[in-house]
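Colleague: Hi, could you walk me through this structure? I'd like to go over strands, contacts and surface.

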Amino acid sequence: MLYYYHFAPDALMVSADSPYKTYQEFIAAAKKEPGKMSLAGSAQFSANHMAVERLNKLAGGVKINYVPFKGTGDLIAILIGMHVDGAMGYLPLAIQQKGKVRTLAIATEKRNPALPDVPTFKELGLNWVDRAYRGVAVPKSTPLVLQQKMSDYFAQLNADPETKKKLEDAGFILVDVPLAKMPAFMKEKTAQAMDDAKNAGMIK
């Protein structure tokens, strides 16, 4: 990786027609019948999958099943039609589908202006501020000089005011992790990734 430019925060969603109006109601139902409720997401052992495993751990006494789909397009119809109890997706999707889905919580530091009534997981007592990062990678054989030039170029793009506004309005959070900061950033994120993998049973 040579540059991370933004991330999409985790978001817990249910259908707008779901009987669960709040995070507390959803978790209470999950605790009442462990292993019965389900959350859809994109792909097996993906960021969505790891987020469900994290919810199971942090919510305490909860066992919610993860149902993987090929992609976001596939799971939206399933979610809206209530073929699952909810979905673990991202804030941009929650904003795009506002009116069709009800977002119960988001993994951000503070509430998002597009969904002002939706609490953060931190407000709900969970130490959870996380997301799926998006960035740019090149082969390891790419000359370091070229890697640095590309990293600098994406930093310029990320600083464009118009681009920044469009992304933030859509629910993305802009970050600037250039080439020089990448080793420390990856080291920091590896610990949480390993913990999630253990929770998912991928490693011992």
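Colleague: Which residue stands opposite Ser38 in E3?

Modeller: Asn65 is the residue opposite Ser38. A word on the source: this is a predicted model, where local features need pLDDT of at least 70, side-chain atom pairs count only at pLDDT 80 or more, and totals for chains, interfaces and linings use all residues. Residues are numbered from 1 along each chain as its sequence is written, and side-chain values use heavy atoms, with hydrogens and water left out.

Colleague: How do E2 and E3 run, parallel or antiparallel?

Modeller: Strand E2 (residues 38–42) and strand E3 (residues 65–69) run parallel, joined by 5 bridges. Two strands pair if DSSP finds at least two bridges between them. Helices (H or I, at least four residues) and strands (E, at least two) are DSSP runs, numbered from the N terminus.

Colleague: What about E5: which strand pairs with it over 5 bridges?

Modeller: That is strand E1 (residues 3–15), in the antiparallel sense. Ser15 stands opposite Val101 in E5. E5 is largely enclosed by the rest of the structure, because 6 of its 6 residues are buried. Buried means under 20% relative accessible area, exposed over 50%, and partly exposed in between (1.4 Å probe, protein chains only).

Colleague: Switching to rings, how many aromatic pairs does the structure hold?

Modeller: The structure holds 8 aromatic pairs. One of them is Tyr23 with Phe121, edge-to-face at 6.2 Å centre to centre and 85 degrees between the planes. That pair links distant parts of the chain, with Tyr23 in helix H1 (residues 23–32) and Phe121 in the loop between strand E5 (101–106) and strand E6 (131–136), 98 residues apart. Rings of Phe, Tyr and Trp (its six-membered ring) pair if their centres lie within 6.5 Å; planes under 30 degrees apart count as stacked, over 60 as edge-to-face and the rest as tilted.

Colleague: Is Phe121 buried or exposed?

Modeller: Phe121 is buried, at 0% relative accessible area, and Tyr23 is buried too, at 6%. Elsewhere, Tyr4, Phe7, Tyr133 and Phe185 form one aromatic cluster.

Colleague: And how many salt bridges does the count come to?

Modeller: The count comes to 6 salt bridges, taking a side-chain nitrogen of Lys or Arg within 4 Å of a carboxyl oxygen of Asp or Glu. Among them, Asp130 and Arg54 meet at 2.8 Å, N to O. Asp130 sits in the loop between E5 and E6 and Arg54 in helix H2, 76 residues apart.

Colleague: How buried is Arg54 there, and what is its relative accessible area?

Modeller: Arg54 is buried at 8%, and Asp130 is buried at 12%. Asp169 and Lys165 form another salt bridge, with the closest N and O atoms 2.7 Å apart. These two are separated by about one helical turn, because they lie 4 residues apart in helix H6 (residues 161–169). Asp169 is partly exposed at 45%, while Lys165 is exposed at 52%.

Colleague: Last one: which residues form the nonpolar patch on the surface?

Modeller: Phe45, Met194, Met202 and Ile203 form that patch, with about 360 Å² of accessible area together. Patches are made of residues with over 30% relative accessible area and no salt bridge: like charges are joined within 9 Å, nonpolar side chains (Val, Leu, Ile, Met, Phe, Trp, Tyr) within 5 Å. Accessible areas come from the Shrake-Rupley method with a 1.4 Å probe, and for residues only the protein chains shown count as cover. Met202 lies in the segment after helix H7 (182–199) and is partly exposed at 41%.
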